Amino acid sequence: MFCPKCGKETDASGQFCQWCGAPIEAAPAVPAGVVAPEVDEAPDVGIYAGLGRRFVAFIVDFILIAIFGIFAIAFFNVANGIMYLYYLVVSHAPISSLTEAGTPIAAIGPIVAAVGLLIVIVPWLYYAGFESSRGQATPGKILMRLEVTDLEGNRISFGRATLRFFGKYISTLIIFIGFIMIGLTKKRQGLHDKIAGCLVLLQD
């Protein structure tokens with residue numbers, strides 16, 4: 001028999017643990033061959049948001065990020081990158097013909113800047129900024145009455161929100177399995193939520 005307090009094996013005939021003195025007669029007996037169920041020590045902190053609500057919030061945020069991205073591109077004057085990318089991918093124009101200098105480097109620079117702003121910088125600042133703010137949610141999540149918290153239901157830091165955002169790239173690279181996990185896990189956590197130790201809850 002094992003002591004329920006210190007966990008050490010003790011004499012089954014006694015009423016107290018020979019190591020720490022704790023009573024052991026009330027300890028429940030577990031039949032041989034039976035595995036005790038795993039207990040989730042973290043308490044429920046609210047109502048976990050499902051995949052449907054989160055998908056609608058994503059669509060709203062996607063539209064807003066696209067608008068912010070257009071303004072960012074205009075502000076930083078890297079619109080040429082979008083134009084060059086269009087000619088390369090759609091028109092199949094040779095890269096040497098895209099700039100007055102006629103060199104690939106002259107075209108690649110604006111392309112990298114434009115793609116980086118649209119795919120990484122703007123979405124990162126958008127999600128990490130809003131989710132670590134006092135409102136704990138992006139505009140899309142606010143519309144769907146959602147909020148992002150840590151595992152105890154508290155507001156997350158900008159660093160944790162950043163980790164959660166970049167974790168989404170991993171969720172995407174594994175054929176979106178990281179997002180599908182939202183509908184399969186007990187606390188409706190995607191892989192990026194688990195990486196950052198976050199929850200998405202319905203607001204009160």
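This is a predicted model: local features need pLDDT of at least 70, side-chain atom pairs count only at pLDDT 80 or more; totals for chains, interfaces and linings use all residues.
## Overall architecture

The protein chain contains seven helices and two strands. Read from the N terminus, these elements follow the order α-α-α-α-β-α-α-α-β. Of the 204 residues in the protein chain, 31% are buried.

## Aromatic pairs

A pair of aromatic rings is described by the distance of the centres and the angle of the planes. In this model the count of aromatic pairs comes to twelve. One of them joins Tyr126 and Phe130, whose ring centres lie 5.1 Å apart with 75 degrees between the planes. This pair is edge-to-face, because its angle is over the 60 degrees that the class requires. Tyr126 and Phe130 belong to helix H3 (residues 104-131), where a spacing of four residues separates them by about one helical turn. With a relative accessible area of 4%, Tyr126 is buried, whereas Phe130 is partly exposed at 32% relative accessibility.

Another edge-to-face pair is formed by Phe165 and Tyr169, with 5.5 Å from centre to centre and 90 degrees between the planes. Both residues lie in helix H5 (residues 158-173), four residues apart, or about one turn of the helix. Phe165 counts as buried at 5% relative accessibility, while Tyr169 is partly exposed with a relative accessible area of 29%. The limit for a buried residue is under 20% relative accessible area, so Phe165 falls in that class.

The two pairs are set out below.

| Pair | Centre to centre | Angle between planes | Class |
|---|---|---|---|
| Tyr126 and Phe130 | 5.1 Å | 75 degrees | edge-to-face |
| Phe165 and Tyr169 | 5.5 Å | 90 degrees | edge-to-face |

Both pairs take part in a cluster linked by ring pairs, which consists of Phe68, Trp124, Tyr126, Tyr127, Phe130, Phe158, Phe165, Phe166 and Tyr169. One member of the cluster, Tyr127, also has a charged residue over its face: Lys168 lies there at 3.7 Å from the ring centre.

Tyr169, in helix H5, is in contact with Ile119 and Val120 when its neighbours within four places in sequence are left aside. The C-alpha atom of Tyr169 is separated by 8.4 Å from that of His192, a residue 23 positions away along the chain.

Which residues does Thr138 touch, not counting those up to four places away in sequence? They are Asp61, Tyr126, Tyr127, Phe130 and Glu131. Of these contacts, Tyr126, Tyr127 and Phe130 are also named among the members of the aromatic cluster. Thr138 occupies the loop between H3 and helix H4 (139-143). Its relative accessible area is 0%, and Thr138 is therefore buried under the 20% limit.

## The largest pocket

The largest pocket has a volume of about 780 Å³. Its lining comprises 23 residues, and those nearest the pocket centre are Phe58, Tyr127, Lys168, Thr172 and Phe179. Helix H1 (51-76), H3 and H5 are the elements that give two or more residues to this lining. H1 gives the most, with nine residues. Tyr127 and Lys168, both listed nearest the centre of the pocket, are the two residues of the charge-over-ring arrangement described above.

Most residues other than glycine have a negative phi, and most peptide bonds are trans.

Arg145 has a phi near 60 degrees, a positive value in a residue other than glycine. Arg145 is placed in the loop between H4 and strand E1 (146-150), and at 41% relative accessibility it counts as partly exposed.

For Arg188, phi is likewise positive, near 55 degrees. This residue is found in the loop between helix H6 (177-180) and helix H7 (191-196). Arg188 is partly exposed, with 31% relative accessibility.

Note on methods:
Residues are numbered from 1 along each chain as its sequence is written. Side-chain values use heavy atoms; hydrogens and water are left out. Rings of Phe, Tyr and Trp (its six-membered ring) pair if their centres lie within 6.5 Å; planes under 30 degrees apart count as stacked, over 60 as edge-to-face and the rest as tilted. Buried means under 20% relative accessible area, exposed over 50%, partly exposed in between (1.4 Å probe, protein chains only). A charge sits over a ring if NZ of Lys or CZ of Arg is within 6 Å of the ring centre and within 35 degrees of the ring normal. Contact means heavy atoms within 4.5 Å. On a 1 Å grid over the protein atoms alone, a cavity is a set of points where a 1.4 Å probe fits but cannot get out, and a pocket is an open set with protein on both sides within 12 Å along at least five of seven lines; lining residues have an atom within 4 Å of a point. Grid points are joined across faces, edges and corners, and a volume is the space filled by probe spheres set on the points.
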